[in-house]
Amino acid sequence: MIFRTPLKTSRLILQPESISDFSRFYSMTIDPEVMKYIGDGSVFHWTESVAREKYQARIAGLHEQETGNLAVYRRDNNQYIGWCGIDESRFLRKIELSYRFCRDSWSCGYATEAARAMLAECFCITDIREIYACTHPENAASMAVLKKLGFVFSDPVFSKAINREMPVFVLHKDI
Ligand SMILES: CC(C)(COP(=O)(O)OP(=O)(O)OC[C@H]1O[C@@H](n2cnc3c(N)ncnc32)[C@H](O)[C@@H]1OP(=O)(O)O)[C@@H](O)C(=O)NCCC(=O)NCCS
């Protein structure tokens with residue numbers, strides 16, 4: 001992982017994902033409310049044991065120079081609350097910010113706080129000058145996060161998964 005972890009904010013710690021996060025990670029990804037606006041809206045279809053193996057393999061396969069997802073923990077109780085990532089998107093074919101948080105931690109400002117720290121780190125240590133994000137057109141919470149972070153509209157993309165255009169947003173590095 002290229003990011004200089006742990007990244008710390010006033011309330012959060014961001015660090016590489018660990019297998020000890022798996023149980024909260026898995027609960028998050030089988031929660032229909034969490035997955036409502038991801039892809040075609042279906043929840044994780046893997047059994048817990050298959051999902052655990054895939055999670056472990058993903059963690060083990062991460063190379064030092066790669067961007068990717070960081071697990072997000074609350075500093076006050078060390079609880080895993082979700083992940084935030086910056087990575088090359090196969091769908092957008094651009095560098096993309098994404099995030100997913102457990103429902104019990106929504107609307108506390110955590111996604112915005114975590115993403116802000118990751119964006120700052122990414123702009124600081126890489127040559128990346130613009131980062132994109134894309135949401136389901138009805139995902140008001142995600143669009144609110146992007147607005148708070150300073151993202152602006154870019155060209156929309158068509159999603160076969162939902163058979164609709166999805167809004168795309170971009171954040172340019174301040175010179
Ligand atoms: C999107 C998500 C990451 C936001 O996380 P979060 O920690 O709740 O985000 P924040 O608290 O930083 O900000 C959320 C903002 O959305 C607003 N919001 C929440 N639900 C909303 C809704 N239904 N309509 C409008 N605004 C809404 C909140 O009020 C808050 O804005 P405010 O600070 O101006 O009041 C979280 O809801 C999530 O994980 N959703 C499921 C996965 C997902 O959709 N990921 C994004 C894919 S593009």
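What follows is a short exchange on this model.

Guide: This is a predicted model, in which local features need pLDDT of at least 70 and side-chain atom pairs count only at pLDDT 80 or more, while totals for chains, interfaces and linings use all residues. Residues are numbered from 1 along each chain as its sequence is written.

Visitor: What is the radius of gyration of the protein?

Guide: The radius is taken over C-alpha atoms, and the globule rule is 2.2 Å times the number of residues to the power 0.38. For 175 residues, a compact globule would have a value near 16 Å; the protein agrees with this, at 16 Å.

Visitor: Which residues of α5 are buried?

Guide: A residue is buried if 20 or more other C-beta atoms lie within 10 Å of its own, exposed if 12 or fewer, and partly exposed in between, with C-beta atoms placed from the backbone. In helix α5 (residues 140–149), the buried ones are Ser142, Val145 and Leu146.

Visitor: Which exposed residues does the face of α5 turned away from its buried side carry?

Guide: The buried side of α5 is covered by elements including α4 (110–125), β6 (130–134) and β8 (164–172). The face turned away from the buried side carries the exposed residues Ala140, Ala141 and Lys147.

Visitor: Is Asn78 buried or exposed?

Guide: Asn78 is in the loop between β3 (68–74) and β4 (80–88), and its phi is positive, near 60°. Because Asn78 has 8 C-beta neighbours inside 10 Å, this residue counts as exposed.

Visitor: What is the phi of Arg93?

Guide: Most residues other than glycine have a negative phi. Arg93 is in the loop between β4 and β5 (95–101). Although Arg93 is not a glycine, its phi is positive, about 60°.

Visitor: Which residues does a cis peptide bond join?

Guide: Most peptide bonds are trans. The cis bond, with omega about 0°, joins Thr5 and Pro6.

Terms used:
Helices (H or I, at least four residues) and strands (E, at least two) are DSSP runs, numbered from the N terminus. Two residues are in contact if their C-beta atoms, placed from the backbone, lie within 7 Å.
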